[in-house]
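Please read these notes with the model open beside them. They are meant for someone who has not looked at this structure before.

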Amino acid sequence: MTKRIGILTGGGDAPGLNAVIRSVVLTAYNAFGWEVVGIRQGFDGLLAGTPVMTLSPHNAYDLLARGGTVLGAVNRGNPFMRPVVQPDGTQIMVDAAQDVITRMHELNLDAMIAAGGAGTMAAALRLVELGARIVGVPKTIDNDLSATDVTFGFDTAVVTATEALDKLQTTAESHHRVMVLEVMGRDAGWIALTTGVAGGADAILVPEIPFDINIVCDKILALQEAGRRYSLVVVAEGAHPIDGEQEYIFHGDPMSQARLGGIGYLVGNAIADCLEAEVRVTRLGHVQRGGQPTPRDRWLATRFGSAAVHFVAQERWGHMVALRGTKLIAAPMQDAAKINRVNPDGEMVRMARHLGIVFG
Ligand code: F6P
């Protein structure tokens, strides 16, 4: 009997999601003779009855190099805590988990592959506990999941951020300026650390090492005195001073997650206050999440997608694909909640310090 599996993408997008969709479709059709349908707008779309997208090797073939996700992604709210307005005008939260399962039956889905971050995996696991047949594919540009050594999207984000830092270097050198580059990563400093080392930063500020701005200023001053008249500072969006809090653009509400951002400007102003130097700040933002995935991310996403189909064949419900060393393994979905952060005493930070980079 031909199986029919669904695939959805949840949470924020990441370069490589379309390569996962393509790999799932090609593997399902070629290796197993299964049909694949795309669920638009994640679990929200499933609940809303949004028409599905029929996927075939023909229409999925050219997805490999395309950024974003053709299925759409939603990172607001929680499909199992949906606000419903009562006749008296009050709002209550309703658990719609059973509706998701009913909808999967209506679509004749034998199984589903959910690609997403910690929120999507938590939702998928809850459905598995209620009897749904779901396997997961983890994604985040932040590379902050303990369960897997690497996530696709991270390499693309680092390439984009490093290109930006390289470009800032040439203009910084011409104008004798201090350039501050703020990058994404939430509460983990992987994008900042990797970009900073790859792009020759003089200071890297990460959430895992609360910083003292005087140390950054002393470093820049020492460089100036030694004859180097420009400096590069990379700041993770989640970095914060020793005696201060993280900076938010939006503090969050029951429907939307809080959004970090703006620490780069505080760092830039503080440097301008303590040094005789012209400072400019660039907040890279979503540029790092968009665009074509790098070959490395296409490769990883393709491996993850193909492995997910094999996990469906093996009925590994409640598990997600993960990379350990060179091998793909099935990790329990609950492991998506375990965050991997930069080790302040680890080899990478130590090496960076030995290069002369300061962490504040
Ligand atoms: O988790 C990925 C990420 O890009 C973070 O690095 C960033 O803090 C967040 O998502 C931005 O979310 P949004 O797209 O909702 O602004």
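1. Basis. This is a predicted model, in which local features need pLDDT of at least 70 and side-chain atom pairs count only at pLDDT 80 or more, while totals for chains, interfaces and linings use all residues. Residues are numbered from 1 along each chain as its sequence is written, and side-chain values use heavy atoms, with hydrogens and water left out.

2. Domains. The protein chain is divided into domain 1 (4-152 + 293-337) and domain 2 (155-285); these bounds come from an automatic or database domain assignment. Taken over C-alpha atoms, the centres of the two domains are 33 Å apart. Between them, 12 residues of domain 1 are in contact with 12 residues of domain 2, contact being heavy atoms within 4.5 Å.

3. Ligand shell. Around the ligand are Asn75, Ile141, Asp142, Met184, Gly185, Arg186, Glu237, Arg259, His286 and Arg289, where a residue is included if one of its heavy atoms lies within 4 Å of the ligand. Domain 1 and domain 2 each supply at least three residues to this shell. By class the shell has 2 nonpolar, 3 polar and 5 charged residues. Here Ala, Val, Leu, Ile, Met, Phe, Trp, Tyr, Cys and Pro count as nonpolar, Asp, Glu, Lys and Arg as charged, and the others, Gly among them, as polar.

4. Ligand oxygen atoms. A side-chain N or O atom of Glu237 is 2.5 Å from an oxygen atom of the ligand. For Asp142, the distance from a polar side-chain atom to a ligand oxygen is 2.7 Å, and for a side-chain N or O atom of Arg186 it is 3.1 Å. The ligand taken alone exposes 400 Å², and the protein buries 84% of that; the areas come from the Shrake-Rupley method with a 1.4 Å probe.

5. Val233. This residue lies in strand E10 (residues 231-236); strands (at least two residues) and helices (at least four) are DSSP runs, numbered from the N terminus. Val233 counts as buried because its relative accessibility is 0%, buried meaning under 20%, exposed over 50% and partly exposed in between (1.4 Å probe, protein chains only).

6. Positive phi. Gln41, a residue other than glycine, has a positive phi near 60°. Gln41 sits in the loop between strand E2 (35-39) and helix H2 (42-48). Asn143 also has a positive phi, near 55°, and belongs to the loop between strand E7 (134-138) and helix H6 (154-175). Gln41 is partly exposed at 34% relative accessible area, whereas Asn143 is buried at 8%.

How values were computed: A polar contact is a pair of N or O atoms within 3.5 Å; within protein, one must be able to donate a hydrogen and the other to accept it, and residues adjacent in sequence count only if both atoms are side-chain atoms.
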